[in-house]
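Me: I have a structure to go through and I'm new to it. Can you help me read it?
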Amino acid sequence: MFFNFMKAIILAAGEGLRCRPLTLTRSKVMLPVANRPILEHVISSLEKNGIKEIILVVGYEKERIMNYFEDGLNFGVNITYVEQKAQLGTAHAIEQAKKLINPEDSEFLVLNGDNLVEPKTIADLLNNHEGDASLLTVRMEDTAGYGVVLKEKKRVTQILEKRPGGLSRIVNTGIYIFTPQVFETIEKTPISENGEYAITDTLQLMIDEGKVVTSIPTESKWLDAVHAWDLLKANATVLNSSRNQKQEGELEEGVIIRGKVTIGKNTIIRAGTYIVGPAVIGENCDIGPNVVILPSTTIGDNVSVRSFTEIQNSIIMNDCRISSHGQISNSIIGSNNTLGPGFTSEEKGDLEININGTIHKAPKLGTILGDDNRIGGRVLVKAGVMIAVNCQVESGNTIYRNLSRDSVVL
Ligand SMILES: CC(=O)N[C@H]1[C@@H](OP(=O)(O)OP(=O)(O)OC[C@H]2O[C@@H](n3ccc(=O)[nH]c3=O)[C@H](O)[C@@H]2O)O[C@H](CO)[C@@H](O)[C@@H]1O
């Protein structure tokens, strides 16, 4: 079924604090997975369902989003932007789009811009929704950090936002179908304890007023990166399931490629380089000679990687210069980083990482670097340590602690 009559509001005004340092310079919706921003995956899934009228609510780092997507035509859709000047919550974000929704429209779709979805995920809601509002749900073992749903048959009786686990395994995906009447309830939505107007509180108000809110389950792909390191899992999942595989660059003699590997235009892979997919390498890159790239690695555009460097299960964003003899695994390197010869990311499993005083568990992790850092030769970064933005580390140092923006390590 095609849904070309339906408009979609995508919420993309927030930063995504828990994904710092990567979100210090871009919002979470612009984090790359398989070399495309998360938001592009969302827009492409809408387009494949015939939904072309998109209202994008932007705020934090909005220029980056608007410069990338422009009017949407390159992505097969029409995008109208609305600005949410202060990020006062998801209900407040939806309210900003009210003027673009015709009161006579029957229904419209709302999605978080920071969760990866495939076309079928959205179709599951479009084909099965009913009542005054519907929300798409997934089953999860660990529901920490999400809204969960209590229900009787399909009908939602309660939405509990970010409460201790155990109450329900049914998680709200942040994908909804509403009628224009929702704006009346949004206006009445009280501010929550953490100072936000939350769409989940709006839904609870609708339920309390006797309106029918339904929970529509899906088993299709829905991926969220709660923390920056979750991006690695999302990247591996998307690379593994991707059916496209294009090799447009130039391969010198003696390059060995195994598995699904995509190489972009004007990229040169020099002699002796060994690549095992799934992997994606962007455009205008210069890789090798004798570089090893192992599974679940994504390399952006304009990246150079020099001899004897090995990269595994990592994301390297655009415009990075990685020198020789490096070891990068389970790591995320933001854009425009210079890494000197012998750069090494130590890696460890089951790490406990302190973010603003709260301990978060991370799986096997190397390091995470924000953008624009200059790292000298023979630098070792201890497992789980993050380097923010615009830092300078001189040669020979071992980095034991997180570096904040503009740090200099002599
Ligand atoms: C209150 C609420 O909605 N909670 C849901 C939200 O939580 P969650 O805490 O994930 O919501 P976020 O704060 O991440 O916001 C979701 C999306 O809305 C955007 N945004 C957020 C705030 C704002 O003022 N403006 C704005 O545009 C963000 O950029 C993001 O794309 O998504 C989860 C799924 O991932 C659900 O399980 C939660 O029930």
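Me: Where is Pro-278?
Reply: Pro-278 sits in the loop between strand S18 (274-276) and strand S19 (279-281); strands (E, at least two residues) and helices (H or I, at least four) are DSSP runs, numbered from the N terminus. This is a predicted model, where local features need pLDDT of at least 70, side-chain atom pairs count only at pLDDT 80 or more, and totals for chains, interfaces and linings use all residues. Residues are numbered from 1 along each chain as its sequence is written, and side-chain values use heavy atoms, with hydrogens and water left out.

Me: Is the bond from Gly-277 to Pro-278 cis or trans?
Reply: That peptide bond is cis, with omega near 5 degrees. Most peptide bonds are trans.

Me: And what about Gly-288 to Pro-289?
Reply: The peptide bond from Gly-288 to Pro-289 is cis, with omega near 0 degrees. Pro-289 is in the loop between strand S20 (286-287) and strand S21 (292-293).

Me: New topic: what is the phi of Asn-302?
Reply: Asn-302 is not a glycine, yet its phi is positive, about 55 degrees. Its loop runs between strand S22 (297-299) and strand S23 (304-305).

Me: Buried, exposed or in between for Asn-302?
Reply: Asn-302 is partly exposed, with a relative accessible area of 37%; buried means under 20%, exposed over 50%, partly exposed in between (1.4 Å probe, protein chains only).

Me: Now the ligand. How far is Gln-84 from a nitrogen atom of the ligand?
Reply: An N or O atom in the side chain of Gln-84 is 2.7 Å from that nitrogen.

Me: And Asn-172?
Reply: A polar backbone atom of Asn-172 is 2.6 Å from an oxygen atom of the ligand.

Definitions and conventions: Polar contact = N/O pair within 3.5 Å; in protein donor to acceptor, adjacent residues only side chain to side chain.
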